[in-house]
Amino acid sequence: MKISPFTPLCFDPYISDGLPCRHIQVWSRSDAIMLQVCADVGETAPAGIVENAVSGSQNSITWQSWQMNADKVVYFATLSAMDEGYYRIIIDDMVSEVFRVTDDVLALQNTVLIRYRFNDNRQRDDVVSVIDGMPVFFEWRVPGGFKDSGWTFGVNNEQFATQREDLVELFAVDYITKTFTLGGPEGVPVWYGALLNRLLTCNRVFFDGVRYVRNESETPTMNTLVDGMDAFVFSQTLREVCHLEDDGMDGTVVLRNVSETVNRNINNSNTMIL
């Protein structure tokens, strides 16, 4: 049994000799925290608990299941509309790092909501992106954003010159690359950079509703805030996508500007409201 590495919570803290990062992951009450656990067919559903890190009160997680193939099954649940507070998730003997759920505008104003999934379930066997024909998105709220100074303008084009040396544009497509900064003044743990690099392998990645792809083969660049402290700021160059694209549902091509309509929940029963 394995928690999907695309789950946006840390269940495997990195151990080092440096001072720990003081950052606590922040979520909005409107966000949907998707949990996925991959198991062998025949294994029972894991014990799942949402624990209030302050009061110690606990609520059980109700899992839904879907068979991935002849050998694997995924247990999944979505946590949303949770009361404000500090929580941790316990799945069997695995415990997540503490995170905060809040409606505080000041705590959320410098964050970005990243939503991501693959087009189908064929790319990897440790994550599910489509269940019964319905796309399943992960959501991950992170500190950071895009600076105007990180914009770069480019064009893919081809030209030819006539005998009169008149240049003719055969085709031209403009594009914009932007530098995304992950991490605020206090930095973030190193696993943030690992997850950012991993989620950019997905086919559908949206930052606050705008679709981006990794610019060529660029990976997150790590910057250390203070020597001896495990707190970092990452930068990643992305290319904005806002053209014709397949909606991933029935093959119909539709014109999209900067967002994709997403049904967050497979059905009402897989959403846990605390």
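Predicted model: local features only at pLDDT ≥ 70, side-chain atom pairs only at ≥ 80, totals over all residues.
Close-up 1. Because Glu240 lies in strand β20 (residues 232–241) and Lys178 in strand β16, the pair ties together parts that are 62 residues apart in sequence.

Close-up 2. Arg141 forms a salt bridge with Asp31, with 2.7 Å between the closest N and O atoms. This pair links distant parts of the chain, since Arg141 belongs to strand β14 (residues 138–146) whereas Asp31 sits in the loop between β2 (25–28) and β3 (32–40), 110 residues apart. Both Arg141 and Asp31 are buried. Glu139 forms a salt bridge with Arg115, the closest N and O atoms being 3.2 Å apart; Glu139 lies in strand β14 and Arg115 in strand β11 (residues 111–117), so this pair ties together parts that are 24 residues apart in sequence. Glu139 and Arg115 are buried as well. The count for the structure comes to nine salt bridges.

**Close-up 3. Phe99 and the largest nonpolar core.** The largest nonpolar core holds 57 residues, of which Ile89, Phe99, Ile114, Tyr116, Trp140 and Phe207 touch the most other members. When neighbours within four places in sequence are left aside, the residues in contact with Phe99 include Leu9, Ile24, Trp27, Ile33 and Met82, together with Tyr86, Tyr87, Arg88 and Ile89.

**Close-up 4. Cys10 and Cys202.** Cys10 is buried, with a relative accessible area of 5%, and Cys202 is buried too, with a relative accessible area of 9%. A search of the whole structure finds zero disulfides.

**Close-up 5. A nonpolar patch on the surface.** Phe160, Leu170, Phe171 and Val173 form this patch, with about 360 Å² of accessible area together. Strand β16 (residues 167–182) contributes the largest share, three residues, while Phe160 lies in strand β15 (residues 152–161). Phe160 counts as partly exposed, at 38% relative accessibility.

**Close-up 6. Thr219 in the loop between β18 and β19.** Thr219 is found in the loop between β18 (210–214) and β19 (221–224), where Thr219 counts as partly exposed at 46% relative accessibility. Leaving aside neighbours within four places in sequence, Thr219 is in contact with Asn197, Arg214, Ser235 and Gln236. Thr219 and Leu238 are 19 residues apart in sequence and 9.7 Å apart in space, C-alpha to C-alpha.

Notes. Residues numbered from 1 in each chain as written. Heavy atoms only, no water. Core = buried A, V, L, I, M, F, W, Y, C linked by side-chain atoms within 4.5 Å. Buried < 20%, exposed > 50% of the residue type's maximum accessible area, 1.4 Å probe, protein only. Contact = heavy atoms within 4.5 Å. Disulfide = S-S within 2.5 Å. Patch = residues over 30% accessible without salt bridge, like charges linked within 9 Å, V, L, I, M, F, W, Y side chains within 5 Å. Areas by Shrake-Rupley, 256 points an atom, 1.4 Å probe, with all protein chains shown as cover. Salt bridge = Lys/Arg side-chain N within 4 Å of Asp/Glu carboxyl O. Helix = DSSP H or I, 4+ residues; strand = E, 2+ residues; numbered from the N terminus.
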